[in-house]
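Thanks for making the time this morning.

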Amino acid sequence: PVIVNDGWEHTVSDIITLHDYEASGDILKARYSQGRDRILQSALYHNKDRSAFADGYEYRGQPVIISEFGGIAFDNGESGWGYGDKVDTKEAFVQRFDSITTAIKELSYVCGFCYTQVTDVQQEINGLMDMDRNFKVNADAVREINLKNYSY
């Protein structure tokens with residue numbers, strides 16, 4: 001399968017991938033459940049200023065994946081960034097991760113998701129692990145959230 005432009009402004013693509021770094025699970029769920037048709041018709045920008053399709057292209061029933069979300073960074077007193085406000089504690093990180101992951105899993109038409117990102121990279125301090133591959137939060141907690149059952 002071909003993905004022509006991961007995240008937004010697709011042309012001819014076998015999978016529609018969307019990036020959204022919303023920090024609130026409630027807002028994320030509302031955007032994608034109430035705005036589904038408008039997002040897939042490029043009438044509602046899903047990532048602040050990006051549309052799902054480039055001008056002249058349209059949704060044709062392809063699978064939809066949230067291919068980047070989260071990007072939660074700790075407020076560690078250093079420069080660097082993530083998406084949304086930085087968190088102060090591991091508990092706050094896990095709580096936000098749970099909120100946004102659960103919101104995505106509850107969207108019946110979204111068939112997959114990918115957290116951004118696995119590790120910190122240079123100025124991006126929004127990984128599940130630091131640059132030395134040490135988990136910032138309990139990996140079992142992340143796994144439990146990812147395996148949690150959901151309902152539409």
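Before we look at a helix, one definition: the expected span of a helix is 1.5 Å times one less than its number of residues. Please also keep in mind that what you see is a predicted model.

With that in hand, take helix 3, which covers residues 90-105 and so has 16 residues by the numbering used here. From its first C-alpha to its last, helix 3 reaches 22 Å, which is close to the 22 Å expected. Which residues of helix 3 are buried? They are F93, R96, F97, I100, T101, T102, A103, I104 and K105, and the buried residues of this helix pack against helix 1 (25-34), strand 2 (64-70), strand 3 (110-116) and helix 4 (139-147).

Stepping back to the whole chain, there are 4 helices and 3 strands, and from the N terminus on they run in the order β-α-α-β-α-β-α. The radius of gyration is 16 Å, which agrees with the value near 15 Å that a compact globule of 152 residues would have. Of those 152 residues, 41% count as buried, and of the contacts with a separation of 6 or more, 59% are between residues 24 or more positions apart.

Let me turn to charged pairs, of which the structure holds 8 that count as salt bridges. R50 forms one with E9, with the closest N and O atoms 3.7 Å apart; because R50 lies in the loop between helix 2 (36-40) and strand 2, while E9 lies in the segment before strand 1 (16-20), this pair ties together parts that are 41 residues apart in sequence. E9 and R50 also belong, with D49, to a network of salt bridges.

A second pair is E106 with K29, whose closest N and O atoms are 2.8 Å apart, and here the link runs from the loop between helix 3 and strand 3 to helix 1, across 77 residues. E106 is partly exposed at 22% relative accessibility, and K29 is partly exposed as well, at 32%.

C111 counts as exposed at 54% relative accessibility, and C114 as partly exposed at 41%.

Key. Residues numbered from 1 in each chain as written. Predicted model: local features only at pLDDT ≥ 70, side-chain atom pairs only at ≥ 80, totals over all residues. Heavy atoms only, no water. Buried < 20%, exposed > 50% of the residue type's maximum accessible area, 1.4 Å probe, protein only. Helix = DSSP H or I, 4+ residues; strand = E, 2+ residues; numbered from the N terminus. Contact = heavy atoms within 4.5 Å. Rg over C-alpha atoms; globule rule 2.2 N^0.38 Å. Salt bridge = Lys/Arg side-chain N within 4 Å of Asp/Glu carboxyl O.
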